[in-house]
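Me: Hi, could you walk me through a structure with me today? I have a handful of quick questions.

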Amino acid sequence: MFDSCVLGVDPGIASLGIAAVARRDRRPDLLWTETVRTPADQREQHRLARIYAAVRAAIDAHAAAALAVERVAWNRNVTSGLQVARATGVVLLAAADAGIDVAEYGPLEVKLAITGVGNASKRQVHAALVSAHGLRGVPSQPDAADAVAVAVCHVTQSRLRRAADRAVAR
């Protein structure tokens, strides 16, 4: 049985990971991944337009019902954080234009959902996607692999989030 497709996104202006993951027989199933790169010498608005076009094309190609994106984690490099925030805004706009739901997950939340450990390394996340979640074809490229992790996090956590929201609303 195939449920709806989730598009996972690891946002960035220079490199953005995208992955399409479906739920099949109660397990995540990796359908497709891509890393979108934008040239550093290109003006920012053109780089953002390329990101928008890639995300919107992926939503349409995979008939995604939802988009899950990794939340911006502020660090010491404010300039980099602002660029990632702009890329995230473009990703959210593409989802809004397509009329699909969006969920954001923090990096620790994704790592915890995938490995059971909030401070897991990228290598541990990759290994857990393959061994614990049984995914084939998890890319070695870090942005695409992170996008797979975000999508799988949504597939495994979204029902729990909805149940928690309903319980709070009562």
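Me: First up, is W74 buried or exposed?
Reply: W74 is exposed, with a relative accessible area of 52%. Here buried means under 20% relative accessible area, exposed over 50%, and partly exposed in between (1.4 Å probe, protein chains only). Before we go on, this is a predicted model, in which local features need pLDDT of at least 70 and side-chain atom pairs count only at pLDDT 80 or more, while totals for chains, interfaces and linings use all residues. Residues are numbered from 1 along each chain as its sequence is written, and side-chain values use heavy atoms, with hydrogens and water left out.

Me: Thanks. Where does W74 lie?
Reply: In the loop between β4 (64-70) and α2 (78-98). Helices (H or I, at least four residues) and strands (E, at least two) are DSSP runs, numbered from the N terminus.

Me: And which residues make the nonpolar surface patch?
Reply: W74, V78 and L82 make a patch of about 320 Å². Patches take residues with over 30% relative accessible area and no salt bridge, joining like charges within 9 Å and nonpolar side chains (Val, Leu, Ile, Met, Phe, Trp, Tyr) within 5 Å. The areas come from the Shrake-Rupley method with a 1.4 Å probe, and for residues only the protein chains shown count as cover.

Me: Switching to salt bridges: how many does a search of the whole structure find?
Reply: It finds 5 salt bridges, each being a side-chain nitrogen of Lys or Arg within 4 Å of a carboxyl oxygen of Asp or Glu. One of them joins E44 and R86, at 2.8 Å from N to O. E44 lies in helix α1 (residues 44-62) and R86 in helix α2, so the pair ties together parts that are 42 residues apart in sequence.

Me: What does R161 pair with?
Reply: The side chain of R161 meets E109 in a salt bridge, 2.8 Å from N to O. That pair links distant parts of the chain, with R161 in helix α5 and E109 in helix α3, 52 residues apart. R161 is partly exposed at 28%, and E109 is partly exposed at 31%.

Me: Since you mention α3, which of its residues are buried?
Reply: V110, A113 and I114 are the buried residues of α3 (residues 107-115). They cover an arc of only 95 degrees around the axis, so they sit on the same side of α3; the arc is that of the directions from the helix axis to the C-beta atoms.

Me: What do they pack against?
Reply: Against β4, β5 (101-105), α4 (122-131) and α5 (142-169), where contact means heavy atoms within 4.5 Å. Just after α3, G116 takes a positive phi of about 90 degrees.

Me: New topic, cysteines. How many disulfides are there?
Reply: The count comes to 0 disulfides, a disulfide being a pair of cysteine sulfur atoms within 2.5 Å.

Me: Last one: what's around A19?
Reply: A19 is in strand β2 and is buried, with a relative accessible area of 0%. Not counting residues up to four places away in sequence, A19 touches several residues, including L7, W32, A147 and A151. A19 and A151 are 132 residues apart in sequence and 6.9 Å apart in space, C-alpha to C-alpha.
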